[in-house]
Amino acid sequence: MGQFVSVERGKTRMSINEYIAKQFANPRGIGGRIVMAVMNRQNAQMYEETERLLRPRNDDIILDIGCGNGIMLERIAHACDCHLIGTDISEDALEIAKRRLAGTNVELLRCPVDDTPLEDATVDKALTINTIYFWEDLASGFEEIARVLKPEGIFISTHYTNRALESYSHTQFGYRMRTEQEVVSAAEIAGFTVQIKSIMDGRAYCVVGRRQA
Ligand SMILES: C[S@@+](CC[C@H](N)C(=O)[O-])C[C@H]1O[C@@H](n2cnc3c(N)ncnc32)[C@H](O)[C@@H]1O
């Protein structure tokens, strides 16, 4: 039935699933706000595991790529006294993050993963949650993260497996299904030593990369 429901947008009509996919990829307006709130509930375990692996410490400079409404940045801000940087392509998501994070030591930047204004080797730890499907190019994303991380810096990408993604109808629209091997290879070529941690009963995994010195 979902395929027959459509959302009016100017003269174009799109299915509910396509609309949801677009909101995950680039949240906008009230729809983006709702999708992000649902996502925050569904992905609580991803946030927990990522924070555990990241081990944020006082004085760390921590970058959250595709930070959305800033839920992870808020978690980290509660855990320690560090300098936080959030990036995203969505102006609306950053606006919500800005309100959520008012009063914390955070810098929010509107930019894609592969083109940030950050200086070389300035970040201690970087993370990204559920954004890798939307990166245009894996190699340039990992290269940019390697560029801004300090030697021995940590990067964690937490995301669903392709099998889990395929169980959701909306992921047929615009999601790039990269294999685990493709992700690991791109990270290694960019200069990371990589480990994989399976989470959520195998439905998702964390790519834990350490930037080689
Ligand atoms: C599914 S949401 C995840 C948000 C957040 N990481 C979380 O887990 O709550 C994906 C986010 O990635 C952002 N995004 C999509 N493509 C991006 C890109 N190329 N560079 C940076 N952010 C991107 C979207 O705007 C959106 O906020």
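Ala, Val, Leu, Ile, Met, Phe, Trp, Tyr, Cys and Pro count here as nonpolar, Asp, Glu, Lys and Arg as charged, and the others, Gly among them, as polar. By these classes, the shell around the ligand has 13 nonpolar, 7 polar and 1 charged residues. The model is predicted: local features need pLDDT of at least 70 and side-chain atom pairs pLDDT 80 or more, while totals for chains, interfaces and linings use all residues. Residues are numbered from 1 along each chain as its sequence is written, and side-chain values use heavy atoms, without hydrogens and water.

The shell consists of 21 residues, the closest being Tyr 47, Gly 66, Asp 88, Val 113 and Ile 129; a residue belongs to it if one of its heavy atoms lies within 4 Å of the ligand.

| Residue | Protein atom | Distance to a ligand oxygen |
|---|---|---|
| Asp 88 | side-chain N or O | 2.5 Å |
| Tyr 47 | polar side-chain atom | 2.9 Å |
| Ala 25 | backbone N or O | 3.4 Å |

On its own the ligand has 600 Å² of accessible area, of which the protein covers 96% (Shrake-Rupley method, 1.4 Å probe). Helices are DSSP runs of H or I with at least four residues, and strands are runs of E with at least two. The elements giving two or more residues to the shell are α1 (16-25) and α2 (29-42).

The structure also holds 10 salt bridges, each a side-chain nitrogen of Lys or Arg within 4 Å of a carboxyl oxygen of Asp or Glu. One of them joins Lys 125 and Asp 60 at 2.7 Å, N to O. Lys 125 lies in strand β6 (residues 123-129) and Asp 60 in the loop between α3 (44-54) and β3 (61-65), so the pair, 65 residues apart, links distant parts of the chain.

Terms used:
A polar contact is a pair of N or O atoms within 3.5 Å; within protein, one must be able to donate a hydrogen and the other to accept it, and residues adjacent in sequence count only if both atoms are side-chain atoms.
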